[in-house]
Amino acid sequence: MPSERSLEASYFEGMFRASPDPWDFETSDYEKRKYDHSLEALGNLHFAHIFEVGCANGVFTRRLAARCGYLLAVDISATALELAQRRCADLSHVEFGLMTFPAQAPLPSGFDLVVLSEVAYYWDDDDLKQAANWIKSLDPGALVLLVHWTGETDYPQGGDEAVEKIAADLGPAIRAERSDRMPSYRLDLWRIA
């Protein structure tokens, strides 16, 4: 039975305490292909300030860090953040924060890329609306990259459902730059109008 409320920190803490890599980010071919695709979708762009929501153990964070001057990576799990900080300890331009996005969020001004990868389906409708309202406050021209698994979940949303709800809430505030449908996930790249 799917959860109707956004998943809480205790769920993710339990996952990362049971395993430092509960979704096989380090070893999965699916994850590697998805990360490669995500970076390819961004082209050769270099960003001043990136905000990554749900950095988990930092596997993608480390790769994303090569594309920016500053990266704020946040997660709801303190254990995941410790792992990510260790993985990226040599990257002085990467900052980590324990944050329950969208209830807690940095000021949106200044971020030219926001990454929501495999996170939106953990949120209930109220949190999706709150995330959309935060995204609307980004500076014009900023990019938002969303990548979500599209299979069945027991989370509050499916991947398609979560992305479509955020898009509907954003309406004309965004322009779709790219929408790729893969066998098991979708990649959406939006630009703030």
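Which residue's side chain meets that of Arg175 in a salt bridge? The partner is Glu177, with N and O 3.3 Å apart; a salt bridge here is a side-chain nitrogen of Lys or Arg within 4 Å of a carboxyl oxygen of Asp or Glu. The model is predicted, so local features need pLDDT of at least 70 and side-chain atom pairs count only at pLDDT 80 or more, while totals for chains, interfaces and linings use all residues. Residues are numbered from 1 along each chain as its sequence is written, and side-chain values use heavy atoms, with hydrogens and water left out.

**Salt bridges**

- The structure holds 19 salt bridges.
- In the Arg175 and Glu177 pair, Arg175 is partly exposed at 45% relative accessibility, and Glu177 is partly exposed at 36%; buried means under 20% relative accessible area, exposed over 50%, and partly exposed in between (1.4 Å probe, protein chains only).
- Asp90 and Arg62 form a salt bridge through their side chains, at 2.8 Å from N to O.
- That pair links distant parts of the chain, 28 residues apart: Asp90 is in the loop between helix H4 (78-87) and strand S3 (94-98), and Arg62 is in helix H3 (residues 59-65). Helices (H or I, at least four residues) and strands (E, at least two) are DSSP runs, numbered from the N terminus.
- Asp90 is exposed, at 53% relative accessibility, whereas Arg62 is partly exposed, at 33%.
- Arg186 and Asp188 also form a salt bridge, with their closest N and O atoms 2.8 Å apart.
- Both residues of the Arg186 and Asp188 pair are buried.
- Salt bridges with shared partners join Arg186 and Asp188 to Asp160, Glu164 and Arg181 in one network.

**Largest pocket**

- The largest pocket has a volume of about 700 Å³.
- A pocket is defined on a 1 Å grid over the protein atoms alone, as an open set of points with protein on both sides within 12 Å along at least five of seven lines, where a 1.4 Å probe fits; lining residues have an atom within 4 Å of a point.
- Grid points are joined across faces, edges and corners, and the volume is the space filled by probe spheres set on the points.
- The lining of the largest pocket has 40 residues, and those closest to its centre are Phe12, Gly54, Glu118, Val119 and Tyr122.
- Helix H1 (9-18), helix H2 (29-41), strand S1 (47-53), H3 and strand S2 (68-75) each supply at least two lining residues.
- H2 gives the largest share of this lining, 4 residues.
- By residue type, the lining divides into 25 nonpolar, 6 polar and 9 charged. Ala, Val, Leu, Ile, Met, Phe, Trp, Tyr, Cys and Pro count as nonpolar, Asp, Glu, Lys and Arg as charged, and the others, Gly among them, as polar.

**Cysteines**

- The structure holds 0 disulfides, a disulfide being a pair of cysteine sulfur atoms within 2.5 Å.
- For Cys55, the closest cysteine sulfur is that of Cys88 at 8.0 Å, too far for a bond. Cys55 is buried, with a relative accessible area of 4%.
- For Cys68, the closest cysteine sulfur is again in Cys88, at 10 Å, which is too far for a bond. Cys68 is buried, with a relative accessible area of 7%.

**Aromatic pairs**

- The count comes to 16 aromatic pairs. Rings of Phe, Tyr and Trp (its six-membered ring) pair if their centres lie within 6.5 Å; planes under 30 degrees apart count as stacked, over 60 as edge-to-face and the rest as tilted.
- Phe101 and Trp123 form a tilted pair, because their ring centres are 5.8 Å apart and their planes are at 50°.
- Phe101 lies in the loop between S3 and strand S4 (113-117) and Trp123 in the loop between S4 and helix H5 (125-136), so the pair ties together parts that are 22 residues apart in sequence.
- Phe101 and Trp123 are both buried.
- Tyr121 and Tyr122 make an edge-to-face pair, 5.0 Å centre to centre with 85° between the planes.
- Tyr121 is buried at 5% relative accessible area, and Tyr122 is buried at 9%.
- Ring pairs link Tyr121 and Tyr122 with Tyr11, Phe12 and Tyr155 into a cluster.

**Ala162**

- Ala162 is in helix H6 (residues 159-170) and is buried, with a relative accessible area of 0%.
- The C-alpha atoms of Ala162 and Asp124 are separated by 8.7 Å, and the two residues are 38 apart along the chain.
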